[in-house]
Amino acid sequence: MAQYQNILVGIDGSKQSLAAFDKAVLIAKANHATLHLVSVVNGERYPTADTIGYGFMSREVYEGAVNKMEKVLADYKQRATEAGIENVKTKVVIGNVKQELTTGYAEDEPVDLLVIGATGLNALGKMLVGSTTTYVVARAPYDVEVVKTDLNNEAIDIERTSYPKL
């Protein structure tokens with residue numbers, strides 16, 4: 001079995017990401033690994049001069065979401081530390097979730113396992129925005145574990161914890 005040293009967990013505050021976090025803590029503990037907790041706020045990673053769409057956007061528009069996720073990650077970090085994980089890193093990134101989880105975060109930090117929750121978009125949503133999980137599994141340059149169950153291996157009710165039906 002692989003010995004993982006740097007485990008990345010995508011955190012968005014959903015029930016699925018909490019389940020991914022819980023399982024990543026177990027894996028990190030068993031491997032004495034560093035746990036990387038990352039939340040991606042959907043937006044431009046770098047400032048642009050692009051005037052398409054709504055024109056110039058100040059990075060301040062993301063401030064509320066970034067602050068909220070920093071608090072969420074601080075709580076998760078405390079929980080991981082209390083569970084016995086010695087090295088926990090947190091980061092909130094503004095960018096594209098798919099890109100940040102596959103290559104963006106790993107540009108600056110080593111990653112050998114990504115643990116993410118499964119999401120269940122309705123059929124129309126899946127056609128319009130695609131599946132982050134599908135994209136990440138296909139393109140991540142490291143192992144990916146998709147979590148569909150809680151710590152008791154009970155199925156997470158994806159229908160109740162994901163996007164509303166149209």
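The expected span of a helix is taken here as 1.5 Å times one less than its number of residues. By that standard α2, with 20 residues, reaches 29 Å from its first C-alpha to its last, close to the 28 Å expected. Helices (H or I, at least four residues) and strands (E, at least two) are DSSP runs, numbered from the N terminus.

The structure is a predicted model, in which local features need pLDDT of at least 70 and side-chain atom pairs count only at pLDDT 80 or more, while totals for chains, interfaces and linings use all residues. Residues are numbered from 1 along each chain as its sequence is written, and side-chain values use heavy atoms, with hydrogens and water left out.

The protein chain holds 6 helices and 5 strands, in the order β-α-β-α-β-α-β-α-α-β-α from the N terminus on. Of its 166 residues, 38% count as buried; buried means under 20% relative accessible area, exposed over 50%, and partly exposed in between, with a 1.4 Å probe and protein chains only. Contact means heavy atoms within 4.5 Å. Among contacts between residues at least 6 apart in sequence, 76% join residues at least 24 apart.

In soluble globular proteins, nonpolar side chains tend to be buried together. A nonpolar core is a set of buried Ala, Val, Leu, Ile, Met, Phe, Trp, Tyr and Cys residues joined through side-chain atoms within 4.5 Å. The largest such core has 30 residues, and those with the most contacts inside it are I7, V9, I11, F21, L35, L37 and V115. Two or more residues each come from β1 (6–10), α1 (15–31), β2 (34–42), α2 (63–82), β3 (88–95) and β4 (113–117). The most is given by α1, with 7 residues. Leaving aside neighbours within four places in sequence, L35 is in contact with residues including I7, V9, F21, A80 and V88. A second, separate core of 12 residues includes V38, V40, L101 and A140.

Attention now returns to α2. Its buried residues are V66, M69, V72, L73, Y76 and A80. Seen down the axis of α2, these residues fall within an arc of 130° (that of the directions from the helix axis to the C-beta atoms), so they line one face of the helix. They pack against α1, β2 and β3. On the other side of α2, K68, K71 and E82 are exposed. Just after the helix, G84 takes a positive phi of about 105°.
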